[in-house]
Amino acid sequence: MQTKFLVFIAFLAIAFVLLAVAASLPSKGFFIVLKFIVLILAIFSSILAFASRFYTYLIVPLIQQHSRHIVLSNENAYWLSTTNDAILSKDGQDFIASIIISIPLYTSSTEMSPEEKNAFAKQVGRLVSTTGYPMRVTAQLYVMNKDLYIQQLREKISLMENQEATLTQSNAPSKEINKVHGALAMWKKMLDNISKETSFEMSTFAMISARGSKEYEALNIVHQKAMEIMSGISSTLGISPSIVVGNDILKFIEPEFLMPYSTVSEQITKNIQEEVI
Amino acid sequence: MDEEATMFLAFTGLFYLIGFSILRDLGHGALGMLAALLLLLGFALVLVLNWADFILFPIVTRMLGVTFQPAANYKINTSQDAIIKEVNGIYYATGFVTANLFSYIFKLEGYEAATEEDRITKAPEIWERAVMSINFPFKYHVFGVGLDVQKIRDELEGKRSYQEFQLSRAIQGNANEVTITDIQRKINAIQAKIDMISGGEKPLATLMYIETTAIGVSEKAALDALATQINTLQIAFGGFDVDLMRVVGRELYTLFKFDFSLPTSFGEAAAHFDQQQ
């Protein structure tokens with residue numbers, strides 16, 4: 001029997017017992033107060049019983065933990081499979097393997113005739129129905145990763161600043177100092193410009209999951225499903241979808257990969273500076 | 001209401017029915033009225049939980065200051081409308097909004113076929129305009145699962161027969177032209193759906209929603225930025241005429257889990273479809 005039914009029965013049984021106790025208590029003196037406390041507890045228990053339909057996942061930890069911060073799970077939400085092309089998670093005793101399929105769609109409606117637009121919209125509709133399996137198709141807009149470039153610029157600026165300091169201390173000719181000064185200003189401006197404008201990328205991907213009692217079983221099933229879906233997408237849209245592998249998977253599931261760290265910190269610093277000014 | 005909801009409501013209702021039937025044992029006069037009031041209040045709360053738990057649940061968690069940890073490094077805030085992750089001192093707040101495009105694309109029974117085509121043709125353009133006006137990361141998800149073709153066909157044929165019966169009654173009863181045209185339009189729309197299925201298209205059950213992530217140097221800053229982003233999304237997707245409702249409570253937790261693993265069968269997925277009409 002599902003946990004939620006057990007929780008429902010348990011709370012409802014408590015509610016009935018408390019109601020019986022409340023009814024059997026005498027209606028005089030101190031017992032009146034006790035009667036109403038028991039009645040309120042019975043009603044509260046019946047509400048909890050009904051709430052178990054949706055909130056069993058919270059009610060049980062809430063009772064066990066007696067804390068305002070309730071830990072539903074202390075484990076990572078997922079882990080990467082050994083095949084490097086799927087993520088795995090656990091649901092009870094079962095393993096769920098999920099694969100992300102990249103769908104390279106580079107079409108714009110501005111280049112289309114009304115008939116083409118209509119056909120394209122219908123094709124996208126068909127994309128979702130390529131398979132009978134539960135599948136999720138996502139269009140994702142995210143910040144382009146300019147971390148590496150920003151890092152290179154920062155290193156260059158720091159190098160130039162060192163050079164400028166060394167030249168100033170060693171009383172080098174002003175021509176050389178000015179040259180370094182100019183280069184430094186250029187790199188700083190470039191860093192300023194690159195972090196001023198946030199560049200975006202748009203990707204489309206499909207996600208599919210499969211359940212198995214063992215990791216490899218879930219992985220095998222999900223691979224089969226993925227192949228089927230990829231051939232469906234390929235024939236519907238005439239493109240070549242591919243399975244996302246390795247760290248690229250993180251781009252589609254982790255929030256911090258939607259906005260790369262350097263870009264974010266630049267943006268936050270800029271916002272704070274603007275607020276101060 | 002499905003069978004499970006009916007069962008939960010019936011058994012919980014039984015508690016209140018018994019409560020009212022033993023009202024005399026719970027108290028006489030003013031005490032009896034107080035007991036009746038408490039029982040009525042309890043039952044009202046049960047009904048609210050049944051139809052609008054997404055209103056009641058965040059109120060309770062906000063009052064008690066309860067937060068949840070759905071997985072390591074993630075936190076659901078007290079308002080139950082965002083998932084927060086902290087990475088290197090930067091807070092990422094992720095929120096979800098429903099964005100059911102069915103009312104835009106597939107509201108067949110309300111529109112003429114020509115209008116329908118026109119709306120489908122305009123969809124890619126509206127989508128591109130919406131995406132271009134957004135300057136923060138977001139994901140548009142369409143989760144779909146194939147339905148039993150024969151069952152849906154039978155249902156549609158049943159609906160068509162009913163409308164045909166209505167039409168013959170309207171004609172016999174000398175109904176006005178507007179009523180007859182309206183029924184004929186509905187029959188055409190249902191027929192169009194049957195033709196789509198006959199043409200090889202699979203009927204689908206879908207769940208459509210938008211996920212967006214905001215950043216901040218503190219939890220509050222990230223949550224404020226998230227609220228602004230959601231408002232922007234509501235304006236940007238205004239062209240699609242969709243209701244963008246903020247997802248809260250248990251649905252937020254479900255959608256969070258969808259990022260790492262999807263339902264693997266129709267039965268598993270079906271439980272989620274009553275949440276978005």
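Which residues do ring pairs link into a cluster? In this predicted model, where local features need pLDDT of at least 70, side-chain atom pairs count only at pLDDT 80 or more and totals for chains, interfaces and linings use all residues, residues are numbered from 1 along each chain as its sequence is written, and chains are lettered from A and ligands numbered from 1 in the order in which they are written. Side-chain values use heavy atoms, with hydrogens and water left out.

The cluster is made up of F54(A), Y55(A), Y57(A), F57(B), F68(B) and Y253(B), joined through ring pairs, where rings of Phe, Tyr and Trp (its six-membered ring) pair if their centres lie within 6.5 Å, and planes under 30 degrees apart count as stacked, over 60 as edge-to-face and the rest as tilted. Over all chains, the count by this rule comes to 24 aromatic pairs. The ring centres of F143(B) and F258(B) lie 5.2 Å apart with their planes at 55°, so this pair is tilted. Because F143(B) belongs to strand 5 (residues 138-146) of chain B and F258(B) to helix 9 (residues 250-258) of chain B, the pair ties together parts that are 115 residues apart in sequence; helices (H or I, at least four residues) and strands (E, at least two) are DSSP runs, numbered from the N terminus. Both F143(B) and F258(B) are buried (under 20% relative accessible area, with exposed over 50% and partly exposed in between, for a 1.4 Å probe and protein chains only).

Between the chains, the axes of helix 2 (residues 30-65) of chain A and helix 3 (residues 29-64) of chain B come within 11 Å and cross at roughly 15°, the axes being lines fitted to C-alpha atoms, for helices over the stretch in contact, with angles from 0 to 180 degrees between N-to-C directions. Helix 2 of chain A is therefore roughly parallel to helix 3 of chain B (angles under 35 degrees; over 145 is roughly antiparallel, 65 to 115 roughly perpendicular and the rest oblique).

N84(A), which is not a glycine, has a phi of about 70° and lies in the loop between strand 2 (79-80) and strand 3 (87-91) of chain A, where N84(A) is partly exposed at a relative accessible area of 36%.
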